[in-house]
Amino acid sequence: MKKLLKYLSLYGAFFKASFVADLEYRFNFILLVLSECIWYGTQLLLYEVIYRHTNIIGDWTLEQMRVFVFLALFVDSIYMILWDPNFSKFNDEVRKGNLDLLLTKPVNSMFMISSQKVSVSHIPCLLFTGAGLIWALQAIPDFSWYRLFWLFLLIPSGLSVIFVGRLALNSTAIIFSRADFLQYVWYSIFRLGLRPDAIYKGFLRYVLLFVLPFAMVASIPTRFLLEPVQIGFIAWAVAMPVLLMTFMNWYWKFCMRFYSSASS
């Protein structure tokens, strides 16, 4: 418990520092918020346009798809706030040998590398997508609001997929010293999680559920909100983060063997 409080206190300090730094240039902060809102708006508009030409995608109607899209963007907002600024600069830190200072801190190195900077400009997006999710659910006939409690299990599970997936690819850059192409690999894979799993068939859908489980980011949580609960997915949502973090701890230590510090 004491260790947890230590990390929460440290993260609180990171948040305050990021908040002050982002608001130092307020006009730039406003532009960042507007640009993110525009990006999220285009994702919503995409499905609205598609549904003008069809009544169903996969096995979801427009009203159900709105729930999926808002939930996917809500989870994406959490990821962007917590980790994206740190992961985006990771390759440069490796190339310049700037990880030395972080690796010598008396805290978990993965925590230090992933949590120093908080993207405050995405907080309005989080509020917007959260409100949009509630609005979309109101349009679902006879929706049982207690189903929202499933999100307390499923959203952290989906976030673990994003965290481990991005950190694992970034860690690979330590081995190659320069691996900018991995950023493109990440965005290509991550886009799969921002699409409903029902549009994929056969082996590819199996991969997205159990091998590269990006379907857990939004598709499975949406099914828990709109469809009968499947016990197997509950077990998978509990076990998967443990398996992923166990793998990530091992892989991080493996990659660190190849790190050349600035002093070496």
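**Salt bridges up close**

**View 1. Asp-59 and Arg-223 pair up in a salt bridge, with 3.5 Å between their closest N and O atoms.** A salt bridge here is a side-chain nitrogen of Lys or Arg within 4 Å of a carboxyl oxygen of Asp or Glu. Asp-59 sits in the loop between helix H2 (26-50) and helix H3 (62-82), while Arg-223 belongs to helix H12 (residues 219-226), so this contact ties together parts that are 164 residues apart in sequence. (Helices are DSSP runs of H or I, at least four residues, numbered from the N terminus.) Asp-59 is partly exposed at 38% relative accessible area, whereas Arg-223 is buried at 8%. Buried means under 20% relative accessible area, exposed over 50%, and partly exposed in between, using a 1.4 Å probe and protein chains only.

This is a predicted model: local features need pLDDT of at least 70, side-chain atom pairs count only at pLDDT 80 or more, and totals for chains, interfaces and linings use all residues. Residues are numbered from 1 along each chain as its sequence is written, and side-chain values use heavy atoms, leaving out hydrogens and water.

**View 2. Arg-223 also forms a salt bridge with Glu-227, the closest N and O atoms being 2.6 Å apart.** Both of these residues are buried. Shared partners link Asp-59, Asp-197, Arg-205, Arg-223 and Glu-227 into one salt-bridge network.

**View 3. Lys-117 meets Asp-22 in a salt bridge, 3.1 Å from N to O.** Lys-117 lies in the loop between helix H7 (109-115) and helix H8 (123-138) and Asp-22 in helix H1 (residues 2-23), so the pair joins parts 95 residues apart in sequence. Lys-117 is partly exposed, at 27% relative accessible area; Asp-22 is buried, at 17%.

Terms used. Helix = DSSP H or I, 4+ residues; strand = E, 2+ residues; numbered from the N terminus.
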